[in-house]
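Trainee: I'm new to this one and would like a close look at a single part of it. Could you pick out the nonpolar core and walk me through it, along with what surrounds it?

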Amino acid sequence: QIDGYLRSKAPQAIDWALSYAIAWGTGVGQPLGFMRSGCLVTQAAEGAQTADTINATNIVKMLSRLAARSRRTAVWRIHPDAEPQLPLMTIGQMPVYVPAGGLSGSKYGTLLGRPVIPHQVCETIGDVGDIMFVDFNQYLTLTKTGGGRDANGMRAETSMHLWFDQDAI
């Protein structure tokens, strides 16, 4: 049934569009994404680092460049193709990454103690934006809420009447 399909897919599409705008938005008719703003800080590859890799030194340097007030609330967003490299990273004998549900007890894996969230808005590995360390508490968004909404905050209605799309009573 098309109604059930749309009710399941619409929240996913809206999440994608909003997540993309928050990360990459141009600021024209949409939010200014943090990847296009003056707050962007990039971490260069290490001198002998192989292309399209992430190593523990990159991760430690990214952590060191994050504002201290954001260290408790920041999350790692990574492109899914970067995920297989995380379990291979160590500092000395200590792992940098702990998988989800393991010692961390978290629903997400953790990287230096902060959650790792794979997301398609990240660029493929080797490009700027392949791994992001962000504090979304520092990004302000507004949402409209009201009655008649489902668990995702969505309200869906259908009608065959003229002017339905104008929300007129």
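Mentor: Let's start with a term: a contact means heavy atoms within 4.5 Å. With that in hand, residues 24 or more positions apart account for 58% of the contacts in the protein with a separation of 6 or more. Keep in mind that this is a predicted model.

Now for the layout. The protein has two helices and seven strands, and along the sequence they run α-α-β-β-β-β-β-β-β. Of its 169 residues, 30% are buried.

On to the core you asked about. The largest nonpolar core holds 18 residues, and I59, W76, M89, L111 and I131 have the most contacts inside it. Helix 2, strand 1 and strand 7 (131-134) are the elements that each give two or more residues to this core. Helix 2 gives the most, with three residues.

Take I59 as your way in. Setting aside residues up to four places away in sequence, I59 touches I54, W76, M89, V96, L111, L112 and I131. There's also a second, separate core of eleven residues, and W24, M35, M132 and V134 are among its members.

You'll find A74 in the loop between helix 2 (56-65) and strand 1 (75-78). Is A74 buried or exposed? Its relative accessible area is 0%, so A74 is buried, the cut-off being under 20%.

The protein exposes about 11,400 Å², with carbon and sulfur atoms supplying 57% of it. I2, Y5 and L6 make a nonpolar surface patch of about 340 Å². L6 belongs to helix 1 (residues 2-24). L6 has a relative accessibility of 48%, so it counts as partly exposed.

Technical notes:
Residues numbered from 1 in each chain as written. Predicted model: local features only at pLDDT ≥ 70, side-chain atom pairs only at ≥ 80, totals over all residues. Heavy atoms only, no water. Helix = DSSP H or I, 4+ residues; strand = E, 2+ residues; numbered from the N terminus. Buried < 20%, exposed > 50% of the residue type's maximum accessible area, 1.4 Å probe, protein only. Core = buried A, V, L, I, M, F, W, Y, C linked by side-chain atoms within 4.5 Å. Patch = residues over 30% accessible without salt bridge, like charges linked within 9 Å, V, L, I, M, F, W, Y side chains within 5 Å. Areas by Shrake-Rupley, 256 points an atom, 1.4 Å probe, with all protein chains shown as cover. Salt bridge = Lys/Arg side-chain N within 4 Å of Asp/Glu carboxyl O.
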